[in-house]
Amino acid sequence: MADKTDHTDVLLEDMNSKFEAILEAVGGMQDQVKKIPKMAERLEEIEHDVTAIKLDTSLTRHDVGLIKIRTEKLEALQDEVKNLQVRVKTLESA
């Protein structure tokens, strides 16, 4: 009977040490778990910022497209003006 009691005590001690290890691990995680709500809040802010950046980027892309079209038209007009200037000079010299 004494052997059974000793064996039970050893098992209980082993279980207690395992529980202590679990409690120590959980205790170490408490600081990290406390950070989760703040991290979630920051993540929501980042998602909002990314959405705003995407909107701004699409508007900028549209504006750049308009600028490109207008620049091309201005360049074409500039070429026409140069051609007219050459014609005027040719007519004046004749």
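This is a predicted model: local features need pLDDT of at least 70, side-chain atom pairs count only at pLDDT 80 or more; totals for chains, interfaces and linings use all residues.
E44 is exposed, with a relative accessible area of 54%. E44 counts as exposed because its 54% is over the 50% that the term requires.

Where does E44 lie? It lies in helix α1, which covers residues 2–93. Please keep that helix in mind, as the other residues I place today go back to it.

Together with E41, E45, E47 and D49, E44 forms a negative surface patch.

Next, the pairing of charges. In general, side chains of opposite charge can pair when their charged atoms come close. How many salt bridges does a search of the whole structure find? The search finds one. The partners are D14 and K18, whose side chains meet at 3.3 Å, N to O. That distance counts as a salt bridge because it falls within the 4 Å cut-off.

How far apart are D14 and K18 in helix α1? They are four residues apart, which is about one turn of the helix. K18, at 51%, counts as exposed.

L12, M15, F19, I22 and V26 make a nonpolar surface patch of about 480 Å². Take V26 as one of its members. V26 is found in helix α1, and its relative accessibility is 45%. Is V26 exposed or partly exposed? V26 is partly exposed, because 45% lies between the limits of 20% and 50%.

Let me move along to I53. This residue is found in helix α1 as well, and I53 is exposed, with a relative accessible area of 54%. What separates I53 from I67? Along the chain, 14 residues do, and from C-alpha to C-alpha the separation is 20 Å.

E92 lies in helix α1 and is exposed, at 62% relative accessible area. Between E92 and K34 there are 58 residues in sequence, and their C-alpha atoms are 86 Å apart in space.

That leaves S93. S93 has its place in helix α1, and 62% of relative accessible area makes S93 exposed. What does the side chain of S93 reach? It reaches the backbone oxygen of T90, at 2.9 Å.

To sum up, helix α1 runs over residues 2–93. There is a negative patch, with E44 among its residues, and a nonpolar patch, with V26 among its residues. The salt bridge found in the structure joins D14 and K18. Finally, the side chain of S93 contacts the backbone of T90. That is what I have for today.

Notes. Residues are numbered from 1 along each chain as its sequence is written. Side-chain values use heavy atoms; hydrogens and water are left out. Patches are made of residues with over 30% relative accessible area and no salt bridge: like charges are joined within 9 Å, nonpolar side chains (Val, Leu, Ile, Met, Phe, Trp, Tyr) within 5 Å. Accessible areas come from the Shrake-Rupley method with a 1.4 Å probe; for residues, only the protein chains shown count as cover. Lys and Arg count as positive and Asp and Glu as negative; His and the chain ends are not counted. The place of a charge is taken as NZ of Lys, CZ of Arg, CG of Asp or CD of Glu. Helices (H or I, at least four residues) and strands (E, at least two) are DSSP runs, numbered from the N terminus. Buried means under 20% relative accessible area, exposed over 50%, partly exposed in between (1.4 Å probe, protein chains only). A polar contact is a pair of N or O atoms within 3.5 Å; within protein, one must be able to donate a hydrogen and the other to accept it, and residues adjacent in sequence count only if both atoms are side-chain atoms.
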